[in-house]
Amino acid sequence: MNSFHTEKEQTLLGVGASPGIVIGRALMIRVDGPARKINLRDTDVAAEQDRFRQAVNRTEENLRHTRQEFAAVIAEHITIIDSHILMLRDGMLFDRTLEIIEKEKVNAEWALEQSLSRIKEIFSKVNDSYIRERFLDVRQVAEQIFTELAGTDKFPHEIDEKVILVSRDFSPADILHMQGLSGFISEGGGETSHSAIVARTLGIPAVVGLKDVTRQVGNGDLLILDGITGRVIINPQPELIEQYRERQRQYLSYSKDIARFALFRPETLDGLSVRVQANIELVEEVSQALEYGACGIGLFRSEYLYLKENGLPDEEMLFEAYRNLLSHAAPLPVTIRALDIGGDKHFPVQQEELSGRFHEKSSRYSEANPALGLRAIRYLLHEPSVFVTQLRAMLRASTFGELRILFPLISAYCELEKVKKMVSEVQESLRNEGIPFSENVQFGVMIEVPSAVALADNLAHEVDFFSIGTNDLIQYALAIDRSNEHVAHMYESLHPAVLRMIRHVAEAGHRAGIEVGICGEMAGNTMYLPILLGLGLDFFSMHPLAIPYVKRMIRNSTAEELEELAEDLLVYPSASQIRNHLQEYLFSHYPEEFPRL
Ligand code: PEP
Ligand code: MG
């Protein structure tokens, strides 16, 4: 138990990353201090190097095992595990640690810690947030080696049903390993972090972004974890435990009832029909999306095909994938987003040269502000051959279903003009080559940059639909790096500026007679649904598992009432006022989804 531990009831507020309520005992994970230095005798150096190699081998085995075990369940996260496997043998980590053991005659833990400090120093000097973020990956990989060096399992194999794991951070692989786990809380992470997404996929309640929680909670403390509101209560009093037990029962019976809503039409009580669609990253996810009741694929993030192969995918490879995707989903529509590479998504190192993002000096394309850099449509216009290849593949596949093409990160009118010109040229050359494609493909832009919001009226006349990407719109509107944990608490979906932007885009789109929907994480969060419905959005695209929850809520809503609610909420100047009013509304109108304590 640590010195900050207290028996008094204490409530902490973090980010509800995965819904559900757990009442259980805290199990602290991996909160040890830095490694201790041990000087070795000459004769022990080789054995120590061997101990390190074996720890790396075991870590690799574990990662490969995780990869294999969960490939089917959570395929989109395999790339993260693959990159962790590659990092294990990185020269700066692996060779350098062996070298330090040999030269300084020290234990492997100490040597590894030194390698890590060096890597951190190098990364931080570049002053590049993308590289800083990659250091967290290196740290996660190293922590797994530390665990193996310690010769203990980081997580107990058989976790008691009532155990809540508490740690500074969990990697997605950690969470995949926690079978039988009731819930977890961590200091790091935000609503859109990978660990949060994995937790939601596996249905493990979680609260993240709880600063200093590892110092406030002691091993064995009784905890209440409320993944719906983001609350964690340490040492709750008996009356509160009883209230939460009741809430837990209500939530469980509500969750059990949810599956059947996949089959229902998303229509409000007063007859307004909207479309509820799925966000996916892999062709294989289409079946799951349909099973959960998606009325189509609202966002196919096409990056994955560019990340997994050695070399950029060619037209045939892309065509095959898109054809499968479209025929699988037919007759339902599929929205393929043009490649959104850059920012926090990047090509593997070996592809940087092929991609035209090769930087002579650094052997990797490097940017001081990648989120503001050569990302998405900017990259595609900069590398037209990559864009043309993808456009050709998409258009060729268009005869196999109903295709919509979405252009990400549009920030200027002239950008859209250039894109449309390229599309026309590709269509023209396909015609000349006698290659069939559908003339009914719809084109849309993602509204995720404030300048696109301001230009919505003009852009609306040039496309068939708008899809609002709130993940980025919030980051760019509020100047909050969506993957920087230090400002994660300021990433506020209910910020009045964000909501007013959504209203502006919806109105501009509707004035021009086009559809306006949303495909950011907000769309799948039932807390935000009433306001988004009230703002008049036509489609909502989200993680497939969220679909039945959202459909159920739509069916319990009255569109006219929500319009009034949205009007009332948008008058407030602050997010906290909006949140309080909205919460009251949720408690009184959706008591099963949001039981009042
Ligand atoms: C968004 O920005 O809201 C979005 C859906 O795109 P991504 O999360 O892939 O940037
Ligand atoms: Mg985006």
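The questions below go from the whole chain to single sites.

Mentor: This is a predicted model, in which local features need pLDDT of at least 70 and side-chain atom pairs count only at pLDDT 80 or more, while totals for chains, interfaces and linings use all residues. Residues are numbered from 1 along each chain as its sequence is written, chains are lettered from A and ligands numbered from 1 in the order in which they are written, and side-chain values use heavy atoms, with hydrogens and water left out.

Trainee: How many helices and strands does the protein have?

Mentor: Helices (H or I, at least four residues) and strands (E, at least two) are DSSP runs, numbered from the N terminus. Counted that way, the protein has 23 helices and 16 strands.

Trainee: What share of the residues in the protein is buried?

Mentor: Buried means under 20% relative accessible area, exposed over 50%, and partly exposed in between, with a 1.4 Å probe and protein chains only. Of the 597 residues, the buried share is 54%.

Trainee: Which residues coordinate the magnesium ion (ligand 2)?

Mentor: Donors are N, O and S atoms within 2.8 Å of the metal (3.2 Å for Na, K and Ca), and water is not among the atoms, so sites may look incomplete. The donors here, at 2.0 to 2.2 Å, are OE of E448 and OD of D472. E448 lies in the loop between β13 (442–447) and α16 (450–454) and D472 in helix α18, so the pair ties together parts 24 residues apart in sequence. Both are buried, and the names asked for are E448 and D472.

Trainee: At what angle do the axes of α18 and α19 cross?

Mentor: Axes are lines fitted to C-alpha atoms, for helices over the stretch in contact, and angles run from 0 to 180 degrees between N-to-C directions. Helix α18 covers residues 470–478 and helix α19 residues 496–511, and their axes come within 10 Å. The crossing angle is roughly 125 degrees.

Trainee: Which residues of α19 meet α18?

Mentor: Contact means heavy atoms within 4.5 Å. On the α18 side the residues are T470, L473, I474, A477 and L478. On the α19 side they are V498, M501 and I502.

Trainee: Where does E60 lie, and which residues does E60 touch?

Mentor: E60 lies in helix α1 (residues 45–70) and is buried, with a relative accessible area of 15%. The C-alpha atoms of E60 and L86 are separated by 9.2 Å, although the two are 26 residues apart along the chain. Leaving out residues up to four places away in sequence, E60 touches I85, L88 and R89.

Trainee: What is the phi of N235?

Mentor: Most residues other than glycine have a negative phi. N235 lies in the loop between β8 (231–234) and α9 (238–258), and counts as buried at 9% relative accessibility. N235 is not a glycine, yet its phi is positive, about 50 degrees.

Trainee: Which residues does the cis peptide bond with omega of about 5 degrees join?

Mentor: Most peptide bonds are trans. P331, one partner in this cis bond, lies in the loop between α12 (315–329) and β11 (333–337). The bond joins A330 and P331.
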